[in-house]
Amino acid sequence: MTTVRQRRAGKGTETAEDQPSEETNVKPDGQIPSDPTGGKLWNILSITVGGIVAISLGLLTSVYVATLHENDLWFSNIKEVEREISFRTECGLYYSYYKQMIQAAPIQQGLHGLVYDNKTESVRTINILERMNVYQEVFLSILYRILPIQQYLEPVYFYIYTLFGLQAVYVIALYVTSWLLSGTWLSGLLAACWYITNRVDTTRVEFTIPLRENWALPFFAVQIAAITYLLRAHLQPVQERLTLLAVFIATFLFSLTWQFNQFMMLIQALALFMLDCLDMLPTAKVTWLYVIQISGLLLVCVLQFFNSMILGSLLISFNVSVLIARAIQKNLKKGGLLNRLGKLILHVLLVLCLTLLINKFIKKILNLESDEHIFKFLKAKFGFGATRDFDANLYLCEEAFGLLPLNTFSRLSSTLLFYIYGFVLFLLTVAAVIVAFRNLSGSNQVQLKKKMEEYTVTLKPDAAYSLAHTVLFGCLALSTMRMKYLWTSHMCVFASFGLCSAEVWKLLLKCLHLYTSQRTQVIKYSIPIITLLYISYKLWPGIMDELSELREFYDPDTVELMNWIKSNTPNTAVFAGSMQLLAGVKLCTGRTLTNHPHYEDKHLRERTKQIYQIYAKRSPSDVYGILRSFGTDYVILEDSICYERRHSRGCRLRDLLDVANGHIMDGLGENEPDLKPSLYPRFCEEIKKNLPSYTMHFTRVFQNKTFHVYKLAKHK
């Protein structure tokens, strides 16, 4: 188990950017009447200062997370094998392909090794570029080889510094999004500060560097910033085309770098669909966004050798269904309230039915089953029947896929983020409901329109999209903790925008009958500045203490195992074991694996379940037969899995295997009535007794406090 231990002694004021109102009869309050030349110079100065602040905060964030990573592991001082072990679970698997490309003699040989890979899954040749999102590793390895930096920078540092550099892009994108929404870069400053001070809940890049989301989320943030700009009124045609290009590039890069891109963009498409139905977004721009999502995903599909999981994604089916349904129902946005509601309900049902039919048809044609484990997991998670499916339960029992813990909100509240977020969310939700009702009613009454002007101004299309985005991704985060990073980063943007927006304060002050233009401007700047001072006063000492804490990577058992494998086994040896450990085996030793953590393949999931019988109640001959069918030469058993205590009864790996095999679970507690006792003891426990029925198949060749390695006999 990888741990860390204490390190040993040894080696001004700016104006809001012009944002034309959606309503021509609404006066833009708070604008400073000035001559055109003076106003233009002031805007240039404001944009320059705001841009410098954005870049500075982005670079500061990169240095901050890089320093935390160094301080936590003493990365510059530990051995190469320890550095590689620090890339835990699937992180190690992804980094191994970067290492493979770096070590390949010509680049073409490295690419050939990825396209025709027979070391990631034994007795099977797979296309890594088709199965996994590793184009970023390929690009980075080629870039490292062609740049004249080999003498000054080790490959591992080039890799991790690139990921830390992407954090600068991430923070700048969040900053710009908040700035665009509020019209003041003070909002961006506040969003970036919240992102940094809530680091525990906004990113995990410093300890899971190669994780796909750390590559993808910066591009997703850039895409959201571009969409925010696109949704502004009165863009010039050139501006609109360039913004659409930026959205496409960001969407493509986001899709290319993360296998779960389709699910995130499906939520985004749902937000666009909902707002379009309620007349809160321009239909033409929404259509372009649907097309960009489809085209970006299809381009990735081509690059991934026509990956069937992409073609069978719900996103493509949904977007195509929306476009078809819109063509069928051409008068969707005409009529009175009841007429519109009836058409809207019919439209939603039509889109839903078309989505399911198209998706079912595509999956039937392609015989696609790669993502079935996700839907089994969702079905069980949301209470649509209990399941004994091993893969679904494997996800259900992981804390990362459980509900968002309540202590998350206490941490977010300590920086005032959650309180302000809740305040802004409530105000804009009320405004959105009223605006949606007015849009659906289609009323032309002058009195009603006059009454609603204030709400319309505070909920322009970009703000409406931001509201829908944060609500839907908030629901995702609440249901699945691992996805909280998509929500909390946007929470920083949304809260800072609300706190610095003249329109939000105007809405509140008018409700309280306290509105004046001067009062709105004073509050718009004073409250954010006070909040920034509070955050600095309360959290700066903690950040300094965190940066001064020095620890060291310490995992001697895993280091000993990897060194033994490299020194005592042939390069062609095939290893079986847990998915997480085998990823490290591939990275550190280059040996062939039977299974690995990239779980988006049905055959791999079935193979993993079979390999994991080493922790079930099976006979030695059964286990031997299973392992040899995958060409296994060595099997690694881990005491931390065999005698697991991290999970409660029913969620330990051995319990999941017992239930899937129809056996009763160990320990005190209830069992389902149809489960029966196994005829055999647990393999991982019994093999250590060196009984003849085991030693005829397995010979122990390595042992330490954590791992036991057995060599399989090669019977004729």
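A salt bridge is a pairing in which a side-chain nitrogen of Lys or Arg lies within 4 Å of a carboxyl oxygen of Asp or Glu. In the predicted model described here, the side chains of R551 and D72 meet this description, with a distance of 2.5 Å from N to O. R551 is part of strand β2 (residues 551-554), while D72 belongs to helix α1 (residues 36-73), so the pair ties together parts that are 479 residues apart in sequence. The structure holds 28 salt bridges.

The domain assignment of the protein gives two entries, domain 1 (163-548) and domain 2 (556-712). Their C-alpha centres lie 42 Å apart. Domain 1 contributes 15 residues to the contact, and domain 2 contributes 21 residues.

The size of an interface is often given as the accessible area lost when the parts come together. Between domain 1 and domain 2, the buried area is about 1,600 Å². Carbon and sulfur atoms give 57% of this area. On the side of domain 1, R388, F390 and C397 supply 46% of the area buried against domain 2, more than any other three residues.

Polar and charged pairs also occur between the domains. Two salt bridges are counted between domain 1 and domain 2. In a salt bridge of R646 with E398, the closest N and O atoms are 3.6 Å apart. The count of residue pairs in polar contact between domain 1 and domain 2 is two, with both at pLDDT 80 or more.

Helices α17 (372-381) and α18 (390-396) each supply at least two residues of the side of domain 1 that touches domain 2. The largest share of that side comes from α18, with five residues. By residue class, the side of domain 1 that touches domain 2 divides into six nonpolar, four polar and five charged residues.

Covalent links were examined next. Two disulfides are found in a search of the whole structure. One of them joins C397 to C651, with an S to S distance of 2.1 Å. The link of C397 and C651 is left-handed, with -75° about the S-S bond. C397 lies in the loop between α18 and α19 (407-413), and C651 lies in the loop between α30 (639-642) and α31 (653-660), so this pair ties together parts that are 254 residues apart in sequence. C397 is also one of the three residues, with R388 and F390, that supply 46% of the area that domain 1 buries against domain 2.

Note on methods
Residues are numbered from 1 along each chain as its sequence is written. This is a predicted model: local features need pLDDT of at least 70, side-chain atom pairs count only at pLDDT 80 or more; totals for chains, interfaces and linings use all residues. Side-chain values use heavy atoms; hydrogens and water are left out. Domain bounds come from an automatic or database domain assignment. Contact means heavy atoms within 4.5 Å. Buried area is the accessible area (1.4 Å probe) that two parts lose on being put together, summed over both. A polar contact is a pair of N or O atoms within 3.5 Å; within protein, one must be able to donate a hydrogen and the other to accept it, and residues adjacent in sequence count only if both atoms are side-chain atoms. Helices (H or I, at least four residues) and strands (E, at least two) are DSSP runs, numbered from the N terminus. Ala, Val, Leu, Ile, Met, Phe, Trp, Tyr, Cys and Pro count as nonpolar, Asp, Glu, Lys and Arg as charged, and the others, Gly among them, as polar. A disulfide is a pair of cysteine sulfur atoms within 2.5 Å.
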